[in-house]
Amino acid sequence: MPGPDILAATEQILSAFTPERPNLIPILQAVQGKLGYLPRSAMQAIAGYLRIAPVDVYGVVTFYNQFRLNPPGKHSVKVCLGTACHMKGGYIALDAWQRRLGISPRQTTPDREFDLDTVACVGCCTMAPVTVVDGKPEARVDPTRVDGILLSFGREPPAKDQK
Amino acid sequence: MNPINPAPAFRELRDKAGAKLRRLKDGKTVIMVGAATCGRAAGALDVLRAFRDEVKKHNLDCPVIEVGCLGHCYAEPLVIIGKPGWPPVAYGYVNPVIAERLVNEFILGDNPCPEFVLAALAPNDLLPSFQDFPRARYERKIILQNCGLIDPSDINDSIANGGYSALAKALALPPQKIIAEIQKSGLRGRGGAGFPAGQKWQACRDAQGTPKYLICNADEGDPGAFVDRALLESDPHGIIEGMLIAGYAAGADRGYIYVRAEYPLAVERLQIALRQAEDYHLIGSHILGTDYSLEITLFQGSGAFVCGEETALIASLAGQPGLPRYRPPYPAVKGLFGQPTVVNNVKTLAYVPRIMANGADWFRGIGAADSPGTAVFALAGKIVNTGMVEVPMGTTLRRIIYDVGSGIPKGKKFKAVQIGGPSGGCLPESALDLPVDFDSLQNAGAIMGSGGMVVCDEDDCMVEMARYFLEFTRRESCGKCTFCRLGTRQMLEILTDFTLGQGKLADLAILEKLAGEVGAGSLCALGRTAPNPILTTLRYFRNEYEEHITLGRCPALMCRHLIAYYILPDKCERSCDACVGACTVEAISPDKKRIKVIDPEKCVKCGTCLPACPPQYNAIVKLSPPSEVPCK
């Protein structure tokens, strides 16, 4: 694991903040923004800097949906499960993503190409069902569109008509 | 304190802004692309690029501007072209090809391309205008006034459209007078509970202790609501101005905007707006030359629904997990870092400058007696004109859904409207003539909430709807109160059983009892209102529950475990393979006679085959319960 890199990046971010508890969430956001997730060593460094128990940092990290404890994939897929998306079949889209990527929400594909997650609501209810792909909201994502999006990343859907 | 008149400083600012804007826009054709998140999802950025490319190609001097959301989200991507000599014209469903044509034919030529016109913004003899739409008769835009019409990333545009003039007016008054004015206006908090805003400010002002804080609650976590997002993306300066006035009145020294990290564009536009306001000395110290100072910090929430609750939000701002606490003491007395704190919703703050500019009597003159002003709703779901609407309080649901929203698409029947997100409820057709205001909705079992309004048609299952919201509240429960933590879980399990066809009639009574107890035994609004979707669906759609339980049948044909897809053999066309190609899991194959058959073992009930079947055959149906499928 690239230990020194994680610590160096964390230290660099910490130097921009004063060591006060109210800065905890902005620090976590900045570290995750840089590393893509919150490795254990980074959380320990943050706890040391703020002079709080590591478990307090862990408690905050696991309380909020935004933070993740495993490295993300190259592309991020976030399926919106807001009311309008749900009524228009967001869960069906989620199924399709799970099927095609072979992973569950909050996981990353073994080749680290894609990570899958759900989001409570991105506020694009008029375009339901929505999936946010690499930060870009995609309107009206049904299973066929899932295949289309994956195809645009060079990932072919499983071949049909094989018997 | 000797009052210093802020008017001269503001006048100088306004002249400067006006001059800057004139240099940018005067005498030129201006292209405005609606590029809020909803527009972007529909492809607004491609349209924007197409306009920029085309303008560059022809060497035209016309600014192409990203604006916010006009509210007509159903027609996104939306573009407004303001050409001298023409009324500004809005185009809907624009794509890059249309963009190219608009530049060539309307901007270079004189053909407004009526085939793409949604409506002109002002009445004229040539083109239909928004005033001709039925919704224009019922809409009354106060806080949405500037949305989609000004450049949210240019403070000059905001100032030229009246921005910060109410601040200048307010700063010339003693704070007590502002509070009196807001109290007289009857403004109630738009965060959901409808608490009088002026009373909150007064409590903070009266409370002992400095510093005092003002927090703008932009943690719009309700699934189905997006008004705060659209406001922040479309008119961020309006919110900042509201914060400055509220902060001045309540005696706050520091301001925070607590905005969801799930709204990256809102965050970006707020950051720009804050920087510009700082440059113009509208925030910081000695605002407009007066003795009043307010710093505003942007804080990104990290995705916990409960943080919309003010005490949880305050804990989160302090770097803690967002657990709510018992009130009193109310935050206005003891809030952030133990200091007096006002927490106001984005929409509440957006009303403040309008009230200060036009007076309390003007505001009181709009809407209902006990709920003055307007209600802003995010219309979504099974409704023709999805988008954002602003109507006077007291407008009936029927008017909003049928006249403003143009009714239910595809000739389907209206079934229910879900108002107020997980804290709200589902109202049936019989409630359609209910005037919408804080109190009437509460009596019907729903709440105004954050303005989410999701319309359900006959294809939506109310049991599933209740289950969905319980899944949400169960996941988002912070776990502090036992009733909320375990009660939501138990209720979810019962509801899940119903949707799987495994419920018992006796469960209904348990569910009702639990719902009452979770509501009574929880500390914050999340738990107190979590049973609302259950209670309202039980109240208005009990027969649907009973059908799930006794017949194992989902009348709306929605619950996946209670339906099966079936291809009618006598309707299936042998030479057509559309459904076979569409099926995402290869569950459909032709039999010996080339009639298509669905393998129930493989079918995931995604519904992709249904629209794939050509309408002239219309051979695929949903059946419930699955045992309805004829055996071979």
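Predicted model: local features only at pLDDT ≥ 70, side-chain atom pairs only at ≥ 80, totals over all residues.
**Entry 1: chain A, overall**

I started with the secondary structure of chain A and found seven helices and five strands. I then read their order along the sequence, which is α-α-α-α-β-α-α-β-β-β-β-α. The C-alpha trace of chain A spans about 60 × 35 × 25 Å along its principal axes.

**Entry 2: chain A, surface and contacts**

Chain A has 163 residues, and 53% of them count as buried. I looked up the accessible surface of chain A as well: about 7,300 Å², with 54% of that belonging to carbon and sulfur atoms. Next I took the contacts in chain A between residues at least 6 apart in sequence; 62% of these join residues at least 24 apart.

**Entry 3: chain A, charges**

I noted 18 positive and 15 negative charges in chain A, and their mean positions are 3 Å apart. Three charged residues, A:Lys136, A:Glu138 and A:Arg145, are linked in a network of salt bridges.

Side chains of opposite charge can pair when their charged atoms come close.

I took B:Lys25 and B:Asp157 to begin with; their closest N and O atoms are 3.2 Å apart in a salt bridge. This pair links distant parts of the chain, with B:Lys25 in helix α1 (residues 7–25) and B:Asp157 in helix α6 (residues 155–160), 132 residues apart. Is B:Lys25 buried or exposed? B:Lys25 counts as buried because its relative accessible area is 18%, and buried means under 20%. B:Asp157 is buried too, at 4% relative accessibility.

My next pair was B:Arg269 and B:Glu66, whose side chains meet in a salt bridge of 3.2 Å, N to O. B:Arg269 sits in helix α12 (residues 264–279) and B:Glu66 in strand β2 (residues 64–67), so I wrote this down as a link between distant parts of chain B, 203 residues apart. B:Arg269 counts as buried at 4% relative accessibility, whereas B:Glu66 is partly exposed, with a relative accessible area of 24%.

Then I looked at B:Lys347 and B:Asp228, which form a salt bridge with the closest N and O atoms 2.7 Å apart. B:Lys347 lies in helix α14 (residues 346–358) and B:Asp228 in helix α10 (residues 227–234), so the pair ties together parts 119 residues apart in sequence. Both B:Lys347 and B:Asp228 are buried.

**Entry 4: B:Arg354**

I stayed with helix α14 of chain B, where B:Arg354 also has its place. B:Arg354 is buried, with a relative accessible area of 16%. Which side chain does B:Arg354 join in a polar contact of 3.3 Å? I found that of B:Gln145. Leaving aside neighbours within four places in sequence, I listed the contacts of B:Arg354, including B:Ile142, B:Ile143, B:Asn146, B:Asp235 and B:Trp362.

**Entry 5: B:Thr473**

Last, I looked up B:Thr473, which lies in helix α18 (residues 462–476) of chain B. B:Thr473 has a relative accessible area of 2%, so I put it down as buried. With neighbours within four places in sequence left aside, B:Thr473 is in contact with B:Pro422, B:Thr488, B:Leu526 and B:Ala530.

Technical notes: Residues numbered from 1 in each chain as written. Chains lettered and ligands numbered in written order. Heavy atoms only, no water. Helix = DSSP H or I, 4+ residues; strand = E, 2+ residues; numbered from the N terminus. Buried < 20%, exposed > 50% of the residue type's maximum accessible area, 1.4 Å probe, protein only. Contact = heavy atoms within 4.5 Å. Areas by Shrake-Rupley, 256 points an atom, 1.4 Å probe, with all protein chains shown as cover. Lys, Arg positive; Asp, Glu negative; His and termini not counted. Charge placed at Lys NZ, Arg CZ, Asp CG, Glu CD. Salt bridge = Lys/Arg side-chain N within 4 Å of Asp/Glu carboxyl O. Polar contact = N/O pair within 3.5 Å; in protein donor to acceptor, adjacent residues only side chain to side chain.
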